[in-house]
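Hi,

Here is the structure I promised to pass on.

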Amino acid sequence: MFVGPFFYLEHTISGTQGLFADFVDLKHAEKQPLGMLDNPVSHQTLFDRLQTNIEYMDIPRGRVIFDPIKHEAVVYMDTCIEEHLSEIVRAFKISNYRVEHDEHYVCPGCWDLDAMWE
Ligand SMILES: [Zn+2]
């Protein structure tokens with residue numbers, strides 16, 4: 001299985017469409033301060049590989065990490081790309097996983113303006 005950051009391109013960008021990710025094998029993943037295993041590649045680095053003029057923030061994104069305590073992957077992702085979850089699960093070759101949402105993975109189209117003012 002793999003861990004890493006990903007974007008999901010609903011439209012073609014620089015000849016690429018669909019899942020656009022950086023995969024690192026679990027054996028070569030980096031241990032984070034809280035013990036999670038992660039891929040050190042940032043979304044900014046991944047985005048730079050697209051060589052596009054569109055806005056960095058506009059592309060829905062997520063990240064797969066591994067929780068060694070529960071022995072399962074954690075898929076952080078934007079709600080607007082959840083319909084592509086099975087494709088992401090296949091690409092990262094994960095079996096046990098849970099899906100979580102986090103403010104880092106929310107595109108402008110998914111911003112809840114009411115929640116921002118609470
Ligand atoms: Zn979104």
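Two quick things before you dig in. This is a predicted model, so I kept to some limits: local features need pLDDT of at least 70, side-chain atom pairs count only at pLDDT 80 or more, and totals for chains, interfaces and linings use all residues. Residues are numbered from 1 along each chain as its sequence is written.

Let's start with β1. Helices (H or I, at least four residues) and strands (E, at least two) are DSSP runs, numbered from the N terminus. Two strands pair if DSSP finds at least two bridges between them. With β2, β1 runs antiparallel, joined by 5 bridges; Y8 has L19 of β2 as its bridge partner. β1 is also antiparallel to β6, with 4 bridges between them, and there P5 stands opposite R63. Then there is β3 (residues 24–25), which pairs with β1 in the antiparallel sense over 2 bridges. Look for F2 there, whose bridge partner in β3 is D25.

Now for S14. It sits in the loop between β1 (2–13) and β2 (16–21), and the hairpin of these strands has 2 residues between them. Most residues other than glycine have a negative phi. S14 counts as partly exposed because it has 13 C-beta neighbours inside 10 Å. The cut-offs go like this: a residue is buried if 20 or more other C-beta atoms lie within 10 Å of its own, exposed if 12 or fewer, and partly exposed in between, with C-beta atoms placed from the backbone.

K93 has a positive phi too, near 55°, and is a residue other than glycine. You'll find K93 in the loop between α2 (85–91) and β8 (97–100). K93 is partly exposed, because 13 other C-beta atoms lie within 10 Å.

Last one: is I65 buried or exposed? I65 counts as buried, because it has 20 C-beta neighbours inside 10 Å. Its place is in strand β6 (residues 61–67). Leaving out residues up to four places away in sequence, I65 touches V3, M36, L37, D38 and V74 (two residues are in contact if their C-beta atoms, placed from the backbone, lie within 7 Å). Take M36: I65 and M36 are 29 residues apart in sequence, with 6.8 Å from C-alpha to C-alpha.

Cheers
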